[in-house]
Amino acid sequence: MATLAISKKRQREQHTDHSVQGTEHSSESRSSKEEDTLFSSSALADSDYDSTDSESSQFSGLSEDDSEEESETYSDTEHTPEEFQNQPSDIKINEYEYDSSDEEDIRNTVGNIPMHWYDDYPHIGYDLSGKKILKPQTGDELDHLIEQSENPDYWRTVKDPQTGQNIVLSREDCAVIQRIKSGKYADKDVNAFNIDWPSSFESEVEIHPLSNRPEDKRSFIPSKWERLKVGKMVHSMKMGWMKTPSQRKKELEEKNDEDDHYYDLWSNEDENDRSRLKMHIPAPKITLPGHAESYNPPPEYLFSKEERSKWQETDKEDRRQDFVPHKYSSMRAIPAFKNFMNERFARCLDLYLCPRQQKMRMNVNPEDLIPKLPQPKDLQPFPTTEAIVYTGHKDLVRKISLDPLGQWMVSGSDDKTVKFWELHTGRCMKTLDFDDKVKSVAWCPNANISLVALAVGNHVILVNPGLGDKLIVTKTDELLAESSPPEQEKGLVTTWSEYTSDSQEFTESNLRLKVTHSKSVSQISWHAKGDYFAATLSGAGNQSVIIHQLSKRRSQCPFSKPKGLVQCTLFHPNKPFLFVATQRYIRVYNLLKQELSRKLQANCKWISSMAIHPGGDNVITGSYDCRLHWFDMDLSTKPYQTLKHQKKAIRSVDIHKKYPLFASTSDDGSVVVCHGMVYNDLMQNPLIVPVKVLRGHVTTNGLNAIDCVFHPNQPWLLTSGADSTIRLFS
């Protein structure tokens, strides 16, 4: 809009000047025709200036047939202004400097209509004779790029929307546009702020008042609120709270005199920071010179030839003094010190590179740093001595388990045998032979069922040992007979098979059921109710953990994706949770919701075993890198405490069900028994105290104690070792 306004203003001024000049060279009868002719020739001149043939007829109001006639009409020099005739022919004429019309130069004669009506047509309208006005050929982007690079005035060239011609703005026009864009007036001489406005209020008294309203009653009655405010001020002055300006000034001067413009630079610092400033130690002073450094030392301080040669042969670090004494007759004969700069530089280096700091030595008794733990004798009972040694196996005993009442014990060994023992007498009651090594044994925790699960190769074999109460033994066989027949699960490589009553395995070995898996079974764990048991397979991927239901003889795989190398699995004693221990993590799954409940992170390289506290909120793990971790799941997912009492790999851990005891076995031959008290108060941390180190097994092939199990009722501990023995500590 600013460009259009400037263009129109210049056209009106130039038209006025040009019309006066055109009147001197033409008659009144031909004035209107020559004026139209002048407009046409101006358009042609502008087209030469723009060096484009396509813009010569743009909005000119002339058709193609009339363009030559109009050009010839204007070729007569008598109608050309004198300024145009005096200029050379090769100079381009600016058509906007001269014009012969006082009105706006509107070349488009189609009327005052929206021009976008002709966007889809080749013409732009019609002239007075009814002929089409063709659209000019506008250049493409390449033409504009060439024009931009070659034309130095391209940046100030604008296009007039009324005439369609390119107009080169002058410096004055650009200045006007800049003033309009910056929010100022177009004319720089206009100052809208220095306006003499009539004054509304003057010192002269006028005849008529601004308001002739009668005064209010409150204007001549004393104010109640002012009286109360004045009363408060008087009370403040009596109490000394409010002071006059002179009094405040006097107090300020007295305060400045007292402070004397000093203030505490370290007032915002703590006491610890202030103590740091007190620890500053000043640099040690240089020792005063002695007799040897005098300019006239006694004769005994002077070096002889032998002493001088010996001093020169000695290293600088070993010399008693770093100078040779000299004797001068007077102080005027003393030369300048040669090594003055070197000595001062070395002194500065010592001060800069050797800072002095006071060492804070704490006088602390080392015994006070050790936490005060109760004495082991106050934490009894716990196993202390070896009572019974069970012998009979020919190879290392890998796993042992006790019945719920603690009367019988079962053991599995690498000699492919399973032995049933009477715990109190150490007598072997029964021996079962198999074709493969027995990796794990687990007695059913339900006291109403007499059943033992054995992991032999790829099979889990359920055995009714026939020991103890005959009613329980008979009831166990009846429950197994009443269970539903096996069902083959799709996608799960497990097969349930039953030993017939007339087979030798059924009658002599008391074998009842067999569950076949795709991989070898490394560990078995029972649920507290005795109906479910979990089997851990080695190297089975997503089928590393399989849960079996005894009553329905059904197997299911809880995981669809492998969770790593599973080491062992345990059921929660009270809740439907399953603990799965991999190499570095322990995952707790909610079996009802079928989701991951918690993930415990053990700070070890390889977990070997795991045990759960009877309360269910604490877990201990043993690892092959000699560490035992205690997890408090209510506190954190990381270990609450790490014990490093053993020097070799920990093979097994166990927690007593009634007493606050837990134990761990290691390849270094030690069995560490610890006191682990868990309090009902959630604000009190568990108390962990090592109380006893038991030894008894003999190291065989680098292995020692393999497994450990606490007695369900007594504070007894049973351990199995690589020396093919089982030992009872009471």
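Strand 11 and strand 12, residues 459-463, pair in the antiparallel sense. Five bridges hold that pairing. This is a predicted model, so keep that in mind throughout. Look at Leu-454 on strand 11. Its bridge partner in strand 12 is Ile-461. The two strands form a hairpin with two residues between them. Gly-457 in that hairpin takes a positive phi near 65°.

Strand 10, residues 438-443, is joined to strand 11 by five bridges. That pair also runs antiparallel. Here Val-441 stands opposite Leu-454. So what does Leu-454 face on each side? Val-441 is opposite it in strand 10, and Ile-461 is its bridge partner in strand 12.

How many residues of strand 11 are buried? Five of the five, across residues 452-456, so the strand is largely enclosed by the rest of the structure. In a regular strand, side chains alternate between the two faces of the sheet. Strand 11 shows two sets. Val-452, Leu-454 and Val-456 point one way. Ala-453 and Ala-455 point the other way. Both sets are buried.

Next, strand 25, residues 628-632. Five of its five residues are buried, so this strand too is largely enclosed by the rest of the structure. Which residues point which way? Leu-628, Trp-630 and Asp-632 go one way. His-629 and Phe-631 go the other way. Note that Asp-632 and His-629 are among the buried residues here.

Strand 25 has partners as well. Strand 24, residues 618-623, joins it through five bridges, antiparallel. Asn-618 stands opposite Asp-632 in that pair. Strands 24 and 25 form a hairpin with four residues between them. Cys-626, in the turn, has a positive phi of about 65°. Then comes strand 26, residues 641-643. Strand 25 pairs with strand 26 over three bridges, again antiparallel. Trp-630 stands opposite Gln-641 there.

Where does it sit? In strand 1, residues 123-126. Is His-123 buried or exposed? Its relative accessible area is 6%, under the 20% cut-off, so His-123 counts as buried. What does His-123 touch, leaving aside neighbours within four places in sequence? Tyr-118, Lys-132, Ile-133, Leu-134 and Lys-135.

On to the second largest pocket. It holds about 1500 Å³ of space. Its lining counts 29 residues. Asp-322, Phe-323, Phe-337, Asn-339 and Glu-343 lie nearest the pocket's centre. Which element gives the largest share of the lining? Helix 11, residues 340-353, with seven residues. By class, the lining has 15 nonpolar, five polar and nine charged residues.

Last, the whole protein. There are 14 helices and 33 strands. Of the 730 residues, 34% count as buried. The protein exposes about 47900 Å², and carbon and sulfur atoms supply 51% of that area. Contacts next. Residues 24 or more positions apart account for 51% of them.

To recap the two strands. Strand 11 has five of five residues buried, and strand 25 has five of five residues buried. Strand 11 pairs with strand 10 and with strand 12. Strand 25 pairs with strand 24 and with strand 26.

Definitions and conventions
Residues numbered from 1 in each chain as written. Predicted model: local features only at pLDDT ≥ 70, side-chain atom pairs only at ≥ 80, totals over all residues. Heavy atoms only, no water. Buried < 20%, exposed > 50% of the residue type's maximum accessible area, 1.4 Å probe, protein only. Contact = heavy atoms within 4.5 Å. Areas by Shrake-Rupley, 256 points an atom, 1.4 Å probe, with all protein chains shown as cover. 1 Å grid on protein atoms, 1.4 Å probe; cavity = no way out; pocket = protein on both sides within 12 Å on 5 of 7 lines; lining within 4 Å. Points joined across faces, edges and corners; volume = space filled by probe spheres on them. Nonpolar A, V, L, I, M, F, W, Y, C, P; charged D, E, K, R; others polar. Pairing = 2+ DSSP bridges.
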